[in-house]
Amino acid sequence: MADSTESQTAPPAGPGGASPDETYLERRTLRRGSAGPLLLTGLGVAYVVSGDFSGWNNGLAQGGFGGLAIAAVLMGLMYTCLVFALAELASILPTAGGGYGFARRALGTWGGFLTGTAILIEYVLAPAAISIFIGDYVESLGLFGLHSSWPVYLACFVIFIGIHLWGVGEALRFSLIVTAIAVAAIVVFAVAALTDFHVDTLNDIPVKAGAFGANSWLPFGILGIWAAFPFGMWFFLGVEGVPLAAEETKDPARSLPRAMAAAMGILLLLALITFVAATGARGSAAIQSVGDPLVQALQPHGKPTTVGRVVNYAGLAGLVASFFSLIFAGSRQLFALSRAGYLPRFLSLTSRRKAPYLGLLVPGALGFALAAATGDGARMLNVAVFGATISYALMALSHIVLRRREPGLHRPYRTPGGMLTSSVAFVLACSALVATFLVDKDAAFIALGVYAVALAYFAFYSRHRLVAAAPEEEFAALAAAEAELERA
């Protein structure tokens, strides 16, 4: 896609001697320097950690142990390659736009909007889904005497959005503490589960008759590997959101690549020990469809254990960590798109504490309404996964395009392997996108419907009202000006 030449408008005039651009951006400023490498690493793990406690195990019902294992390895490779590519892009353009900003420079306004919308689908629907899972956990644990989950959904959005409104530094420190609890519980689980490890239980799912290439390790055949892709993603889904904290980061060009690499390393290790320990302790067949696979893996005879109870409560902490951090990511992507005029500009206004309050409240209200009205967390997560895979493909493509078109662009960090790395991420992301249709066609078409509405809004309205002073737009305009000079 070529860079767009559509008209861009200036913000309304400001009071006194301030220029319109200065006044506009002053009302849309985040708190800078609030996050260092440790908080950013914690943020990257927090996005994902709930996926270690539940969800991934449904891939066993699609591919068996071998199919999910291969899918998880391939998705781990995809995320690792994507993280390295995004680390380079984030060092070039450290703004709250994240993926939208990268695609805006590489693929033009349409590419930027397509990418930003896909990211929003992921980060608005995933918290809604996780709030439902939190409600299920609270109810199953008998906490607070609740028998209806909607009060839990409401409490989640009100309390945790409130912490975000308090300030980004406080929010990220809270996220780090809750994430540390969840990670410690996974380590405790792994130690307990591995003491009762049995190799013969890994492949105990019956072989499906007639499935091409089916055997005891691949009971659903070769196609089962592909169908398990979306569940292999659950070990890593969301880690790509770290660059959305760029404008609130100390020395982002250095901190973001380090934090992203560290978070990805931790997540790869957690995925390995969780997957192997859970299936080896209880068996693939026993945990393939349960909501609490780690807890079930620790009670082979159906009798609760002390360690199982600890892991059960820690699973709630993991859900809270992911819910909390995904709200952060969604608000920052919405803030950046709104600030640049792709979405209504009022959504990017920030409070005196430099929090994008409408960017937090509006998605929060939407998420609560969806959770309370449907109660279908699995379907919403599948929609989120569909949006995520689109954004991955477009962000990887952005890295390839910028490497080819602007090889001389200043890159404080360079992706190991260069375009080969991002090409691997692109191919695997496209494969994962197609795999979502194998798992939940309805979710895929729901996501496409949301996309169609958003694209209509952009095509007929907002693309003619973009704000040239927004950082991501200025960055793209600079590239267009440099290209014009070269042609002159």
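**Pockets**

I started with the lining of the largest pocket and found that H5 gives the largest share, six residues. The model is predicted: local features need pLDDT of at least 70, side-chain atom pairs count only at pLDDT 80 or more, and totals for chains, interfaces and linings use all residues. Residues are numbered from 1 along each chain as its sequence is written, and side-chain values use heavy atoms, with hydrogens and water left out.

I noted the terms. A pocket is an open set of points on a 1 Å grid over the protein atoms alone, where a 1.4 Å probe fits, with protein on both sides within 12 Å along at least five of seven lines; lining residues have an atom within 4 Å of a point. Helices are DSSP runs (H or I, at least four residues), numbered from the N terminus.

I sorted the lining by class and got 21 nonpolar, two polar and two charged residues. Here Ala, Val, Leu, Ile, Met, Phe, Trp, Tyr, Cys and Pro count as nonpolar, Asp, Glu, Lys and Arg as charged, and the others, Gly among them, as polar.

The second largest pocket holds about 530 Å³. I found 29 residues in its lining, with Ser 54, Gly 55, Phe 133, Trp 234 and Leu 381 nearest its centre. H5 again has the largest share, with seven residues. By class this lining has 14 nonpolar, twelve polar and three charged residues.

**Salt bridges**

I then looked up salt bridges (a side-chain nitrogen of Lys or Arg within 4 Å of a carboxyl oxygen of Asp or Glu). The structure holds eleven.

One of them joins Glu 88 and Arg 403 at 2.8 Å, N to O. Glu 88 is in helix H4 (residues 60-92) and Arg 403 in helix H15, 315 residues apart. Arg 403 is buried at 14%.

Asp 251 and Arg 254 also meet in a salt bridge, at 3.4 Å, N to O. Asp 251 is partly exposed at 41%, and Arg 254 is partly exposed at 46%.

Last, I noted a network of salt bridges that links Arg 32, Glu 247, Arg 339 and Glu 472.

Terms used: Helix = DSSP H or I, 4+ residues; strand = E, 2+ residues; numbered from the N terminus. Points joined across faces, edges and corners; volume = space filled by probe spheres on them. Buried < 20%, exposed > 50% of the residue type's maximum accessible area, 1.4 Å probe, protein only.
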